[in-house]
Amino acid sequence: NSQTAYAIYCFSKAAQKDSASGLAHLEEALERMPQRDYESAASALTKAQAQPGSYREITKNLLQALNSGKHIFECYEAVKSYREASVAVEQGDTAGAKHLLEKSLSLDPALAPAQLLLSYVLSVYEQEKAVQEMLESYAALTGKSTTEAHAHLALLQAENFHPDLCKKTLDTLFQADPDTQKIYRSLHKACSDGKNSRQAAASIRAMWNAYEVMAAGDNEAAGDLFGDAARLDSTNTLALLEWGLLLAEKGAYDEAITALKAASAADSDYARFLAEVIQALETGQAPEKHIAAVRAYRRGILAQSRGELDAAEKALKEALFMDSTMTEAYTSLTFLLVIQKKYAEAEEILTHYFSVADTPVSGAYGLMSLLHLAAGREGDAAKCAFKALAGDATYAAQFGGFFTALFKDKNKSAVLEEIHRLKGEGINLEALLGDLLDSYFQRP
């Protein structure tokens, strides 16, 4: 009893000293439970829930049990076994962790973090079918996509000295959703190189926490976490991007320029849509309009990745309203309209872009090529395609094989091979082309 009282005292003091310590609040609650001090335990759990990370998922069922007065013992023992399993994993005792997690889930089958941690343990034992089943159950319980579930697994693998498993999981993730390469490529590279994979994982986790607190409206804390993420791994370009934008919004222009330029140097896509922001910062102009355009643009891309096409279209149009020179918004909106078969509107948007752009990007000509193709103007389609290839060596290296197979060789098998190759690079032409290929190759 004296040891329990001292433990409660220590965790309570730690929580008072650092109110953002979800772990201190959680451990205080777990120490109070056997004393039947349920009111204080529920208070501590509520405070833990408010912290970023997995605390909401860890505490959810136990807090509900305390509030309802039902299944308190089972939910408490389940969380306790899960916490013990977490320590076992940190110590490299996967067999012990497996036993504890199975016990935890026998007591509370809906304890999502236990399912995720067990999926990690099973991945160490190479039980791939069981891993997949556990991840699907975890995703269903938490409302996450299977893509997000795989990302969580990858982080656990990297954090626990299994970069080879992390790389394998990320390879699967990138194949299923090429867009995720933007988020996790720094971690993938660290695992591939066999260097600093745990630090790269810590950077990703800090970035996740930053998004969580930013969604709760605390941009100050989010900025600190994005800064932590960037310092942990300077190749985490997404963290650099977000940190730079938040720095610019709070007036720290010199630091913002450094972060945004680093992000631009590492990613040509970022370079294009950040150009106006950086120019405004460097020339002393008000950057707010350009930052608002970038944020609207990124909301549109995120909505599109989730299949929320109406929201994506609205956000991309908002970006163009904020900044009528934003190339990435024009091309992304055109892409979105094409996959919805809104060819006339897409052509109108792209035609307007050509009228305002000093030097149109090759990607715009590539998109116009497909719009000509949709309208049956094959000659114009081929001209636009080869103009795109002639204007940018990088674009030509990426899309030259595709357009050559499509317009010069008219070889459908070769076109499909190029589509598959590009998908591996994060470019989904299948969604863009739809049934255009079939109708094109059926023409005499």
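The side chains of His 290 and Asp 323 are joined by a polar contact of 3.4 Å (a pair of N or O atoms within 3.5 Å, one able to donate a hydrogen and the other to accept it). The model is predicted, so that local features need pLDDT of at least 70 and side-chain atom pairs count only at pLDDT 80 or more, while totals for chains, interfaces and linings use all residues. Residues are numbered from 1 along each chain as its sequence is written, and side-chain values use heavy atoms, with hydrogens and water left out. His 290 lies in helix H17 (residues 288-305) and, at 10% relative accessibility, counts as buried (under 20% relative accessible area, 1.4 Å probe, protein chains only). Apart from neighbours within four places in sequence, His 290 is in contact with Glu 276, Val 277, Ala 280 and Asp 323 (heavy atoms within 4.5 Å).

Helix H4 (residues 55-68) and helix H5 (residues 72-90) cross at roughly 160°, their axes coming within 8 Å, which makes H4 roughly antiparallel to H5 (an angle over 145 degrees). To this contact H4 contributes Ile 58, Asn 61, Leu 62, Ala 65 and Leu 66, and H5 contributes Ile 72, Cys 75, Tyr 76, Val 79 and Tyr 82; by class, nine of the residues are nonpolar, one is polar and none is charged.

Helix H21 (residues 362-374) packs against helix H22 (residues 378-391) at an angle of about 165°, with the axes 8 Å apart, and H21 and H22 are therefore roughly antiparallel. Among the residues making this contact are Tyr 365 and Met 368 of H21 and Cys 384 and Lys 387 of H22, and the contact divides into seven nonpolar, five polar and three charged residues.

Conventions:
Axes are lines fitted to C-alpha atoms, for helices over the stretch in contact, and angles run from 0 to 180 degrees between N-to-C directions. Helices (H or I, at least four residues) and strands (E, at least two) are DSSP runs, numbered from the N terminus. Angles under 35 degrees count as roughly parallel, over 145 as roughly antiparallel, 65 to 115 as roughly perpendicular and the rest as oblique. Ala, Val, Leu, Ile, Met, Phe, Trp, Tyr, Cys and Pro count as nonpolar, Asp, Glu, Lys and Arg as charged, and the others, Gly among them, as polar. Buried means under 20% relative accessible area, exposed over 50%, partly exposed in between (1.4 Å probe, protein chains only).
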